[in-house]
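Hello,

Here is the structure I promised to pass on. Please open it first, then read my notes below.

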Amino acid sequence: MRLVSTFDKILHMSGQPTSDIEDVAEFYAAIDRASLTHKISVERPYVYTTMEVYDAANGIRGAGGLGVLAADTRRTAEALEIPFVMLTPYYQEERHQEMTNLVPKDTYTPRSPIESGYEKVGDIAVVVEGQKDAILEIYQKILGSTRFLTMSEPNFGALYVGDASEDHRLYQEVALGLGGYAALKMLELKPAVIQLNETAATFAAVARLDELCRNGMGLYEAIVYVRKHTLYTNHTLVQAAEPEYTYAQFEKYVFPNLVSPALKHFIAGLFRNGQLKLNNLTIEIAEAKNCVSRMHAKVIDVHDLSGERVEFKAITNGIDLDTWVMPEILEFYRSREILDKFDMPGANFRDVLGQVTAADLRSIKKLGRAKLNQELQNRKNQYGQVVQIPEDAMLFEFKRRFVEYKRPWMPFEDMGEIRSILFESNAHYIMSGMMPGNVGSGDKTYDRLQVMLKNIDNDPFLRERVHYITDYDESLSAAMSAGADISINVPEVGWEACGTSFMKDIGNLTLLISTSDGGVADVEPPEVFEVRGDNYNAEIASLYEQMRAASAAVKDDTQWVDRVTKQLATYLPMICGARMMRDYLRFLFKTDN
Ligand SMILES: *Cc1c(COP(=O)(O)O)cnc(C)c1O
C-alpha cells in the first residue's frame, strides 16, 4: 500500500518510498522478463556502483545530476521491490553555499553514517604501496528490497577533490570498487549484474575478475563472464578531464590489492605510453554500454585501443516520480489511470490526457505554489532575505548546476527585454544552482554570474522580481518545479547528455522552454517551447520570443491545458523511472530464458 509520497518526505528529510505492487514478479512479467525472479535475488542483487549519490533523506549528498540519477534508480528499484545494492562512498562532509554582498561562499557541514541511520558491518583494508593500509569502515542501510553499502574513513576526502588524474582520486576509485566488492563478499552477496556509473566505478568489475581468477578460472574465461555481467553507463558528453593514470600509480594503488598475476598482466597490457585511461579499461571489461539519451548515444565519440569507435546503446534517464512530482498531481495521474500500478503510463493515458480540463489542473497547480512558498520560508535570496512569491503572480524558474554550457545568464543578456517580459506578465523569476565553489573572480562562469547578479541589482524593478536562492538542493528543486508556471532549460546544443531537471518540470505540469538537447531531443521536434537559432544572439531572441509565447499560454486556459497535457503525453513514457529500469533490465537480460 502506498502511504505518503516522498515529495513531502524529501521536504522533511526522512522516509522512504512505498509501492502498490505485491511482488516484483508482477513487474518482471509485465516487461517480458518473468525469468528474472530466478536471476536476481537478495543474495544475487543488481549492484549499482557510483562515486556519487544525491539522497538527503539517506544522509548522502552528491554534487549534481549523476548522483540524483543514482538515488532515483535505487528508489525506483525499491518501489518495484527489485533486490538492489548501491555501492557508494560515504562522504563525511556536505557542501553548502551562502552569499554575502553577492559573493558566494562554500561551507561544509559534518555528517556521520551512524547519525544518518547506517549500521557498521565491518572493516576492509585497502593496501597502498609504501604506506599504512587504509581501513575502510563499511556501513549499510537496508531500505525495502534495496540497501546502501557505503565505505568511509577519516582521510577519504571530499567528492571530486583535486584533479581527476591525481593519486587521491585513484585511491577513492580503488576504495569504491575493490573495497566495495570486498564488502559485498563480506555480506555474502554475489552480484547478478554490476552497473558502473561512469568509469570511476570500474574497479568493482576488476575486483570481480580478480575473484574469479583467484578461484581458478582462466583469465579469458573470467573476462567473458565479467563482460556479460557488467554494464558501463556513460554520462559525459564533454569529457572535461578524463581520468588517466600512470603505471606507477597503478603499482601503488591498484596492483597491491589484486591477487591474480594474469589479471595484472592483462591490465598492464592496456597502458599506452605509460598511461591508462579508465575508459579503455572499462570498455574491455563491460560488454553492455549505454549513454543516457538518444542524442548522447549518437554523438558520443569514444574509441577502443584499436581505434574503433565504441557503440553505446541509448537508455534515456528517468526520474522517480514519487520523489519529484507533488503528491496531489501524482494522485491525479493515478486516479485517472494516466499512471498504472508500476508508475508507467496507463494503457489509454494519451486519450485520458486529451480530456483533462484546465479546472482539473489549475487547483492542484495552485497547491504547488503554496508548497514552494513553504520551502522558501527556510531559504535566502542573494540578499540574505526570505522571499515569497505572490499567489497571483506568474513565475518563471531556472534551476541547475551553474556551469557554462547550461547558460544561466542567458535570460539576462538583454536587461530591457527581461524587464519588459516580467513587467507585462506580472511575473517573478526565481533561479537556483550552486555557483562554482570558492573560485573567485578569474573563473569565467563565476565572472558571468557576478555580472548577471550586479545587473539585476542595478535595476530597481528586477531587484524586486528576480530571486536567486542560495544553497540549491533537491527539496528546493522539487518545490521550484511544483511552484513555477514556466521553466527555462537552455543548454548549448550538443552538451547536455540528458538532464533530469526538465523531467521534474514536465511531471509537475510546468511549461518548458528548452533548447533541443539531451533527453528533450529524444522527441523530434520537441514538444516544448523550443529555443533555436544559428548563433547565440539568435538563440537569445528566440528565448525571449518563447518566454512571451509561454506567458500568453499560461494566461489562457485552453492553450495552457493543451500545452501542459501535450508535453506530458509526449514525455511521460520517457520520464518514468520504471521505464528506465525496464530498459536496463531488458538490455542486460536480452531474452526471457
Ligand atoms: C534534478 C537535480 C539535478 C539534476 O539536474 P540536471 O538537469 O540533470 O543537470 C541536480 N541537482 C539537484 C539538486 C537536482 O534536484
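**Strand 6 and its sheet**

Glu119 has Gln140, in strand 6, as its bridge partner. Bear in mind that this is a predicted model. Asp123 also has a bridge partner in strand 6, namely Glu137. Strand 6 covers residues 134–143, and seven bridges join it to strand 5 in an antiparallel pair.

On to strand 7, residues 146–152. It runs antiparallel to strand 6, and seven bridges join the two. Here Glu137 stands opposite Ser152. The hairpin of strand 6 and strand 7 has two residues between the strands, and Gly144 takes a positive phi near 60° in this hairpin. Seven of the ten residues of strand 6 are buried, so the rest of the structure largely encloses it.

**The cores**

The largest nonpolar core holds 79 residues, of which Tyr333, Tyr429, Met431 and Met547 touch the most other members. Helix 22 (residues 557–575) gives the largest share of this core, nine residues. A second, separate core has 56 residues, among them Tyr171, Leu176, Leu219 and Phe271.

Back to Tyr333. Beyond its neighbours within four places in sequence, its contacts include Val325, Ile506 and Leu568.

Best wishes

Technical notes:
Residues numbered from 1 in each chain as written. Predicted model: local features only at pLDDT ≥ 70, side-chain atom pairs only at ≥ 80, totals over all residues. Heavy atoms only, no water. Core = buried A, V, L, I, M, F, W, Y, C linked by side-chain atoms within 4.5 Å. Buried < 20%, exposed > 50% of the residue type's maximum accessible area, 1.4 Å probe, protein only. Helix = DSSP H or I, 4+ residues; strand = E, 2+ residues; numbered from the N terminus. Contact = heavy atoms within 4.5 Å. Pairing = 2+ DSSP bridges.
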